Amino acid sequence: MTSTIEPEVGKARLRKEDARLITGRTRWTDNITLPGMLHMAVLRSPSAHARITSIDAEEAKRASGVVAVITGADIADEQGSLPCAWPITPDMKSPGAPSIAVDHVAFAGEAIAVVVARSAAEAHDALELIDVDLKDLPVVLDMDEAIKEGTDLAHPDLGTNTSATWVFDSGEAGSGGDVEQAISEAEVVVRRRFRQQRLIPGFMEPRSVVVDPTGEQFTMWSSTQVPHILRLMLAMTLAVPEHKVRVIAPDVGGGFGGKLQVTPEEVFTFLAARKLGKPVKWTESRSESLLSAHHGRDQIQRLTVAARRDGTVTGLKVDLLADMGAYLRLVSPGVPVLGAFMFNAIYKIPAYRFSCTNVFTNKTPTDAYRGAGRPEATFAIERMMDELAVELDMDPLEIREKNWIKHEEFPYTTVSTLTYDSGNYEAATEKAKALFDYDGLRREQAERRERGDKVQLGIGISTFTEMCGLAPSRVLGSLAYGAGGWEHASIRMLPTGKVEVVSGATPHGQGHETAWSQIVADQLGVGFDDVEVLHGDTQSSPKGMDTYGSRSLVVGGIAVVKAAEKVVAKARTIAAHMMECSPDDLEFAGGKFTVRGTDKSTAIQDIALAVFAAHDLPDGVEPSLDSQASYDPENFSFPHGTHLCAMEVDTETGSVSVRKYVCVDDVGTVVNPNIVEGQIHGGLAQGIAQALYEEAVHDESGTLTTGTFADYLIPSAADLPSFETDRTETPSTTNPLGVKGVGEAGTIASTPAVVNAVLDAVRQYGVTDIEMPCTPMRVWQAIQTGASKAGGIGAESGGGLGSIDVNSSDIAGGAQ
Amino acid sequence: MRITVTVDGTSYTDDVEPRTLLVHYLRERLGKVGTVVGCDTSNCGACTVHLDGQSVKSCSVLAVQADGAEVGTIEGLARDGQLHPIQQAFHDNHALQCGFCTPGMIMQSLDLLAENPDPDEKAVREGIEGNLCRCTGYQNIVRAVQDAAHHMRPGAGPEAERVSGTDTAGAPRTADIAGGGE
């Protein structure tokens, strides 16, 4: 008999998922081989904007092992247009987006033709035999230029580079005052322009798709975050009946938003397999991934803060340009709009206006990347709070505290109309300050400044919150998103008392199997090891909205709770029948129904067996102890925290290094501290990488010059510090577990903490901004000249230096 | 070209194209799909295996270069159902999330521990610098490698890994070490 007394939720359980992953017993999509399977390779445009004048594939078709060459013209009638599920305005402009270009290409990397062959090597060899004539067109690369009158157009047919403009105004919404009035009446006005550089999600597992057309259903394996959305979108895009498509996301090696997509490759692999009647596999190379998988961020942000001399913020105005790249992908237009609700952050801002213009350029399309809209907002407001503190000569923590929502003011409805259910910014900040030794480091900073140390110390702060757990369906509806935000779960009690949990949320590294097992173990009183979590296959897990936006636990996890509650309710009726008492007389704890006031009890496992036998069930009770639940959250979840970063800046070389990084995050109730800590660590690494290392760079012709991991600088272990992480726990009041999302928090919070710290070290030299990534060359140049902008030295791929440890040349040599 | 390679204790003789990379030979010919490909410029290290006991990025080695050699992959580390202490340490320290970098990270960590049986944090970070992870921020990987070091004394290395041939001294030693990993 297995039962748990000590609650599973909160335990630092080691992960169930690990056993396969640490032994190489994995099922990545690229591992799949099927009888007769063919391999596909993709010819991609070297030009960022061109008309396709001719394609000659005759020689390629005659090459050894080549079964077919398919061009966009060959499938023009059946490929449809890649879906965009988020038309943010009714008049949003969106160019047709074929999976394989038909008559023109709009970014370098767009597919022009595919070769299907016996082996991957033969398919790749044949690519070189395809003769393509392209007539180059003017390229649009710069957003400020793109919105001017009479400029070149990324899509001449559209007549404009502007896709849509989305506005929120608190005066008009009635949630606050008029921001222009606040600015005109302000004692202090601070205006800044920030740049969110273009990033690449950089999941470690390259994308891969296998389509098997030989069964009654088409089966697609894909390295995707969203098998359920993918199935629906394939059906809607290709007019193939939904019930004839099965999608499987087997082991998926990271996503970070980068696999929240319906990709051209998924569509044309499907079409190739259908055409040829044979299984077809496509697996990308890393260069192909960096070039053609969607990118993230890429905004120009103009902010105006109005305040009183005492530091009280009276208004905030935000104007964004957001680069969509060449096409609108699945949720591209909505990503910057998610930020609209977060610029006001943890602060009580009486007047607010947000305006975002989405712009087309001839670059790789952008879409979700870890945080999606919220890191951009958090960066800008946290940078602005520092700028305001400098303007008023106040301590940056003091100015934040003056404006933030006090813990006794929750629930609090913000100027952007969200209601924050709970939070305690004071507690998190106090804890972080103590761990960080804030006062001690400030003293050291002053002392180093005093003696003109060549290595200066800077302290950066980020007191963040974010909205996650996407999302209440009615809110998504009001934002014109194409679907709801519910999640599904079902539970099957097997005759032996073991449990199968079917999760609609599909993991790609998070640890759902472990966390869901902990939740179910508590809810049903069964053993952690007696729970099996099934997911990622539309056949076994038919309903779901998948994994993104830190939604799995706060939406999917709650669906699991709701399904478990239904199992217990059903079991209660049967237990009462078995023990000949009223259901109301039963208490359920530790997996047992006990007749109140007696020692008479029945275990849920015994009930499961009795239900299976079905010999003696109460009238009208079905012989099953299964249940399902679809849960639609009533609100977002609002994790928050205080991140403090101390940076050392070598003023002679521009080299920066993290001296100390402390974060205290409040993600509500914690189901598994290991998993939470891991999510924070990984999030911090990505946020710090934006601040210091990563940038997708295009040259003047629109060619991506950071198309390998030698140029796009994902940080290595030697580039990152150890983090000091801690927590406060203010439970969410809008779900029964009290949990909040954690997947994106670290990324959202850390970028401004790092940049604020770099600037804090070098403001004394007249530096007011350094655009990200703060590479040694940029920092050095800023110190020498006061120049802040990207461009000039340090703008080339790899930031000019890369992740070489300048202090240790022998290590650099050993980096291979 | 005809090559004979011993992989995880099993000998294979095959005809391969001269251009075939070791990693493609392992994955496509031998079905050793535990070893993965993460990039095409030898930056990420996901494909790291051992060649005669030393770590190599198997995307940077031709299959023909492995002729006559012993190759060790992630799939050959556990013995008799017992995890290798480095595998156990990755599990115990939550040193993986999506797990795609894990095979390479583990094989590289073993190589590091062969050279330095008791590395400090800096030595671990520098020793795994050629292996990229996008999920963990590396902190728990560093912890895991140091934890494994404590359970693996007197260390790793070619001797400890040898499984083929008449010299089986390494195998029981490894098993003993694995037992000590609990």
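Domain bounds here come from an automatic or database domain assignment. Welcome to a predicted model, in which local features need pLDDT of at least 70 and side-chain atom pairs count only at pLDDT 80 or more, while totals for chains, interfaces and linings use all residues. Residues are numbered from 1 along each chain as its sequence is written, and chains are lettered from A and ligands numbered from 1 in the order in which they are written.

**View 1. Domains 2 and 3 of chain A.** Chain A is divided into domain 1 (18-25 + 486-631), domain 2 (144-418) and domain 3 (432-457 + 640-816). Taken over C-alpha atoms, the centres of domain 2 and domain 3 of chain A are separated by 21 Å. Their contact takes 25 residues from domain 2 of chain A and 29 residues from domain 3 of chain A, where two residues are in contact if their C-beta atoms, placed from the backbone, lie within 7 Å. On the domain 2 side, β8 (188-199), α9 (286-292) and α11 of chain A each supply at least two residues, and α11(A) gives the most, with eight residues. Helices (H or I, at least four residues) and strands (E, at least two) are DSSP runs, numbered from the N terminus. By class, this domain 2 side has eight nonpolar, eight polar and nine charged residues; Ala, Val, Leu, Ile, Met, Phe, Trp, Tyr, Cys and Pro count as nonpolar, Asp, Glu, Lys and Arg as charged, and the others, Gly among them, as polar.

**View 2. The largest nonpolar core.** A nonpolar core is a set of buried Ala, Val, Leu, Ile, Met, Phe, Trp, Tyr and Cys residues joined through C-beta atoms within 7 Å. Which of the 302 residues in the largest core touch the most other members? They are Val114(A), Val115(A), Val520(A) and Val758(A). Helix α17 (residues 552-579) of chain A gives the most to this core, with 13 residues. Leaving aside neighbours within four places in sequence, the contacts of Val520(A) include Ile491(A), Val560(A) and Ala564(A). Ala564(A) has its place in helix α17 of chain A, and Ala564(A) is buried because 24 other C-beta atoms lie within 10 Å. A residue is buried if 20 or more other C-beta atoms lie within 10 Å of its own, exposed if 12 or fewer, and partly exposed in between, with C-beta atoms placed from the backbone. Beyond four places in sequence, Ala564(A) is in contact with Ile491(A), Val520(A), Gln523(A) and Leu524(A).

View 3. Helix α12 (residues 396-403) of chain A has as its buried residues Pro396(A), Leu397(A), Ile399(A), Arg400(A) and Asn403(A). Seen down the axis of α12(A), these buried residues fall within an arc of 165°, so they line one face of the helix; the arc is that of the directions from the helix axis to the C-beta atoms. What covers them includes β14 (313-325), α11 (374-392) and β18 (455-465) of chain A. Strand β2 (residues 50-56) of chain A pairs with β6(A) in the antiparallel sense over six bridges, and two strands pair if DSSP finds at least two bridges between them. Asp136(A) in β6(A) is the bridge partner of Ala50(A).

**View 4. Backbone spots worth a look in chain A.** Most residues other than glycine have a negative phi, and most peptide bonds are trans. Arg297(A), a residue other than glycine, has a positive phi near 55°, and Asp298(A) has one near 75°. Arg297(A) has its place in strand β13 (residues 296-307) of chain A, and Asp298(A) lies in strand β13 of chain A too. Arg297(A) is buried, with 29 other C-beta atoms within 10 Å, and Asp298(A) counts as buried with 26 C-beta neighbours inside 10 Å. Leu470(A) and Ala471(A) are joined by a cis peptide bond, with omega about -10°. A cis peptide bond with omega about -5° joins Met772(A) and Pro773(A); Pro773(A) is found in the loop between α20 (745-762) and α21 (776-785) of chain A.

**View 5. Chain B and its meeting with chain A.** Chain B has seven helices and five strands, and buried residues make up 60% of its 182 residues. Chain B brings 46 residues into contact with 45 residues of chain A. On the chain B side, α2 (85-92), α3 (102-115), α4 (121-127) and α5 (139-151) of chain B each supply at least two residues.
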